[in-house]
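Here's a quick briefing to read alongside your sequence and model. Have both open and follow the residue numbers as you go.

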Amino acid sequence: LVSEPLNITVNGTNILGNNARIVFNWEQAAVSPSTADSLWNVDADLVVIKDIRLQYTGTFNVGGADYGGFVSGIQVNFGSDDFYADNVTAFGFNRCGINIGYDGGVTSGGTYCKRPTIHNCHLYENRVAGVSFGKTEDGSVINCVLEYNGSNTSAGTGYGFAGWSGENPKNTVLEGNRANYNWRKGLDFHSGENGVVTNNICSGNAVYGIYVEDVTGNWTISSNTINDMNDDNVGNLAIYGIYIGSADGQGTGNVFTSYVIDGNVIDGVDNTDGNGAFSIFAQSAGLAKGNIVISNNICRSNIIDGFYRGSSTATNIGDYYD
């Protein structure tokens, strides 16, 4: 039982849990919360945490806001390189199971965290996300279970994986994960530069299976399985198997951005309440240069509004081609 946050400040620290369980009952401050409230705060390079279970039993939300919670299981702070988590379970936290390179807006700026690896972890029933990347470079999330994150009391949260808006995680690989039954999105990028999303299973997520918006560079979304999405689960919202592009041009502009969507299976994305369902959706406002390649996908759906929909509300799609 741990009642105050723990800090790791020595390079090369190894936490070998031997499958122990830590219960964290810290009560987050209601005013000016900080990510320093997290169970573990990592301010060092080459830190390893493995074979351990982390549970939060403190306040689940502060102030009623979607992002009111700031307590994560593991908070890796700006500039902490080569963090490695293996066989870590984290659940019940009012922010993320593992949060890397993002401080929730408490301060601005920050140095990138290089080469973080999240492997074989089980991150579930956290308020915002299982795992999130902010200012990260060459990060990977591999063979993890990222399920049931989010809450119906905060409809804007709930991600298996989240790439924070405006933080621009670079060269990210998401491979072999199970991102299922999250309240909003299975795998999400709200910003980023270059990414590979491959061989993941995204079942039963409420609004989006895979979401990649306001990014730049080269993106590959391949060999994923997205299924069991029914818009009866989320009143007054459309649902999307794969969503790419930019709704408002933020983060893209005239920067080259390329998408390859290949070999995915999209099964059971069904419009049952009249609010819309799309297997693949491209929002093209602000996209000016690059390629979109859609190939070798299998889509099985009963009632959808479109297999593919391209929408441009702010500008034309310039030099794009299919």
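Leaving out residues up to four places away in sequence, Asn-41 touches Pro-5, Leu-6, Asn-7, Ile-8, Thr-35, Ala-36, Gln-75 and Asn-77 (contact means heavy atoms within 4.5 Å). Keep in mind that this is a predicted model: local features need pLDDT of at least 70, side-chain atom pairs count only at pLDDT 80 or more, and totals for chains, interfaces and linings use all residues. Residues are numbered from 1 along each chain as its sequence is written, and side-chain values use heavy atoms, with hydrogens and water left out.

**Around Asn-41**
- Asn-41 sits in strand 3, residues 40-42 (strands are DSSP runs of E, at least two residues, numbered from the N terminus).
- Asn-41 is buried, at 3% relative accessible area (buried means under 20%, with a 1.4 Å probe and protein chains only).
- A polar atom of the Asn-41 side chain lies 3.3 Å from the backbone oxygen of Ser-38.

**Val-23**
- Val-23 belongs to strand 2, residues 14-24.
- Although 22 residues separate Val-23 from Leu-1 in sequence, their C-alpha atoms are 4.9 Å apart.
- Beyond four places in sequence, Val-23 touches Leu-1, Val-2, Gln-55 and Thr-57.

**Nonpolar cores**
- The largest nonpolar core has 58 residues, and Ile-49, Leu-54, Ile-74, Phe-83 and Ile-118 touch the most other members (a core is a set of buried Ala, Val, Leu, Ile, Met, Phe, Trp, Tyr and Cys residues joined through side-chain atoms within 4.5 Å).
- Strand 4 (residues 48-56) gives the most to this core, with four residues.
- Another core lies apart from it, with nine residues, among them Ala-206, Val-207, Tyr-208 and Tyr-211.
- Setting aside neighbours within four places in sequence, the contacts of Phe-83 include Val-42, Val-47, Ile-98, Ile-100 and Arg-115.

- Four strands make an open, parallel sheet in the order 19-22-25-28 (two strands pair if DSSP finds at least two bridges between them).
- Strand 19 (201-203) and strand 28 (298-300) are at the edges with a single partner strand each, so one side of each has no neighbour in the sheet.
- Strand 22 (residues 225-230) and strand 25 (residues 265-270) run parallel and are joined by five bridges.
- Thr-225 has Val-265 of strand 25 as its bridge partner.

**Confidence**
- Mean pLDDT is 86, and 84% of the residues reach 70 or more (pLDDT is the predictor's confidence in each residue, from 0 to 100).
- Residues 313-322 stay under 50, with 28 contacts beyond four places in sequence in the model.
- Where pLDDT is low, the predicted coordinates should not be read in detail.

Definitions and conventions. Buried < 20%, exposed > 50% of the residue type's maximum accessible area, 1.4 Å probe, protein only. Polar contact = N/O pair within 3.5 Å; in protein donor to acceptor, adjacent residues only side chain to side chain.
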